[in-house]
Amino acid sequence: MFTGFFQAGITGFGGILPVARRLIVDERKWLTQAAFNDLFSLCQFMPGANIVNFAFAFGARHRGLSGAAAAVVGLLSAPVCIAMVLGAAYARYGQLPMARHGLVGLAAAAAGLVLGTALKIATQIFTRQTNILLAVAVVALVLLLNLSLPLTMAIILPVALFFAWRHAE
């Protein structure tokens, strides 16, 4: 548990989610894509960092409290150390043009990783038209109407539960 999440934490620059999904679903086969999506959806609904919530929930589900601790410590130990070193380097060299250009390139790579992971997750979720409609509604509420995430969730959750209930019948 620790080594798997440590691997995700140490290699997940720009976002750990793409690396964690690949590690958990594709490589180690700890979860199916559907189970990953379900657990990650729950973790997005909780306050805090989604991937930390995921590590805690995954570890607790499979190994109890010690599994949760191992997953979270594994996930965060390397990034915390790396962030402290990079923060010190940025404080000293961050104003240099080469450093600024490098950070812009890293941001573009991170955006690409997040987009790629979103598409992998969406592929299975968007097999039903109601899920596509819900995703479009969320984008509209957040981007066009500028609603907060809690308010958007309060609006969308009852609709999503209704669709899930109708689909289950």
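How many nonpolar, polar and charged residues does the lining of the largest pocket have? By class, that lining has 28 nonpolar, eight polar and two charged residues. This is a predicted model, where local features need pLDDT of at least 70, side-chain atom pairs count only at pLDDT 80 or more, and totals for chains, interfaces and linings use all residues. Residues are numbered from 1 along each chain as its sequence is written, and side-chain values use heavy atoms, with hydrogens and water left out.

**The pocket**
- The largest pocket has a volume of about 1,600 Å³.
- Of the 38 residues lining the largest pocket, Ser41, Gln44, Ile125, Ala135 and Val138 are the closest to its centre.
- A pocket here is an open set of points on a 1 Å grid where a 1.4 Å probe fits, with protein on both sides within 12 Å along at least five of seven lines; lining residues have an atom within 4 Å of a point.
- Helix 3, helix 5 (97-125), helix 6 (129-144) and helix 7 (149-168) each give at least two residues to the lining.
- Helices are DSSP runs (H or I, at least four residues), numbered from the N terminus.

**Helix 3 with helix 5**
- Helix 3 packs on helix 5 at an angle of about 105°, their axes 10 Å apart.
- The two, helix 3 and helix 5, are therefore roughly perpendicular (65 to 115 degrees).
- Gln33, Ala34, Phe36 and Asn37 in helix 3 meet Lys120, Ile121, Gln124 and Ile125 in helix 5, with contact meaning heavy atoms within 4.5 Å.

**Helix 2 with helix 3**
- On the helix 2 side, Leu17, Arg21, Ile24 and Val25 meet Gln33, Phe36 and Phe40 in helix 3.

Technical notes
Grid points are joined across faces, edges and corners, and a volume is the space filled by probe spheres set on the points. Ala, Val, Leu, Ile, Met, Phe, Trp, Tyr, Cys and Pro count as nonpolar, Asp, Glu, Lys and Arg as charged, and the others, Gly among them, as polar. Axes are lines fitted to C-alpha atoms, for helices over the stretch in contact, and angles run from 0 to 180 degrees between N-to-C directions. Angles under 35 degrees count as roughly parallel, over 145 as roughly antiparallel, 65 to 115 as roughly perpendicular and the rest as oblique.
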